[in-house]
Amino acid sequence: RAKLALAWTLVVLGLSSSWSEDLPPRDSRDVNAPEVVFAAEFAVGELQKLSDSGIYRSLSLSSIRAASSQEGVFHHNTFLTVELACPHFRSGHATDTYDVMVMRHLEDGTYSFAIDEFPEMDEDAIEEFWIEKVEEHRRYREETFRQMELDIAVHRSGEGAASKESSTDELASMTAEGLLHVLSHDSDAARREAALDVIEGRWEQAKQGEHGELSHLKTSMLHEIASNPTVADQRKLAAEEIIKARARLLDSSLRSEL
């Protein structure tokens, strides 16, 4: 892939040279101009995709040293001298400088780029990137197989899940007496657990209702409120109802365990 990109680069640069006599002179550009910065970032982004090992992903744009533009026959061309940063240059330098041309097609607006020479990277670093790429592929393959196994398991349990959902809907429509009967007499442990979930859900809803404040109190505090003659009758009655409700739930749970 890099060899093809290099061949394309040489062709583009060669054609550019052959047409240069018929083209207008290049216009110097501000290196901080938005379109210049965009062109440089585009070139670096495309360059990062061109190494088989993935090592070019470690390249980054350090600075734009010079910029100019020229209207070509088929493209609007932006010529850049860029400084790229990478910890893996074969030269050992933290940054190296390259000449880049970014082309925007005059008809469809698509972008392409060419570079004077591709960055040469440290051989040991290339090998490390190859190893990591192979490991990444292995992890991806294992995850793909794991997901396939999960999908198969979900498919096989689909009928059981549908049955459980139907049972849950049935329990949700039951009265409190019906739920207590399930807790006391039903032999299906999963159904009893589902009934408890329904009761717990209703209990949570009740706590947000008129008994909201009292529902958060401990049973010992509720007993004090219910037995205190100075407390308003309505508040005492609410405390008593909560205590009785908790007792019924406890009794039902104990009976189901027996």
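The side chains of H76 and E71 are joined by a polar contact of 2.8 Å; a polar contact here is a pair of N or O atoms within 3.5 Å, where, within protein, one must be able to donate a hydrogen and the other to accept it, and residues adjacent in sequence count only if both atoms are side-chain atoms. This is a predicted model, so local features need pLDDT of at least 70 and side-chain atom pairs count only at pLDDT 80 or more, while totals for chains, interfaces and linings use all residues. Residues are numbered from 1 along each chain as its sequence is written, and side-chain values use heavy atoms, with hydrogens and water left out.

H76 sits in strand 3 (residues 75-85); strands (E, at least two residues) and helices (H or I, at least four) are DSSP runs, numbered from the N terminus. With a relative accessibility of 16%, H76 counts as buried, a label for anything under 20% relative accessible area, with exposed meaning over 50% and partly exposed in between (1.4 Å probe, protein chains only). Leaving aside residues up to four places away in sequence, H76 touches S69, Q70, E71, V102, M103, R104 and L106, where contact means heavy atoms within 4.5 Å.

Two strands pair if DSSP finds at least two bridges between them. Going through some of the pairs, strand 1 is joined to strand 2 (residues 60-71) by two bridges, and D27 stands opposite S69 in strand 2. Strand 2 and strand 3 share 10 bridges, with S63 opposite E83 in strand 3; these two strands make a hairpin with three residues between them. Strand 4 (residues 95-105) and strand 5 run antiparallel and are joined by five bridges, and here M103 stands opposite S112 in strand 5.

What about the nonpolar interior? A nonpolar core is a set of buried Ala, Val, Leu, Ile, Met, Phe, Trp, Tyr and Cys residues joined through side-chain atoms within 4.5 Å. The largest one has 28 residues, and L47, Y56, L80, V102 and F113 have the most contacts inside it. Two or more residues of this core come from each of helix 2 (34-47), strand 2, strand 3, strand 4, strand 5 and helix 3 (123-156). Helix 2 gives the most, with seven residues. Not counting residues up to four places away in sequence, L47 touches Y56, L59, L84, F113, I115, F118 and P119. Another core, of eight residues, lies apart from the largest one and includes L171, V182, L183 and V198.

Helix 5 (residues 176-185) has L179, V182 and L183 buried. These residues are on the same side of helix 5, because they cover an arc of only 95 degrees around the axis, the arc being that of the directions from the helix axis to the C-beta atoms. E177 and H185, on the other side of helix 5, are exposed.

Finally, the loop between helix 2 and strand 2 holds S51, which counts as buried at 14% relative accessibility. Its side chain reaches two backbone nitrogens: that of I55 at 3.1 Å and that of Y56 at 2.9 Å.
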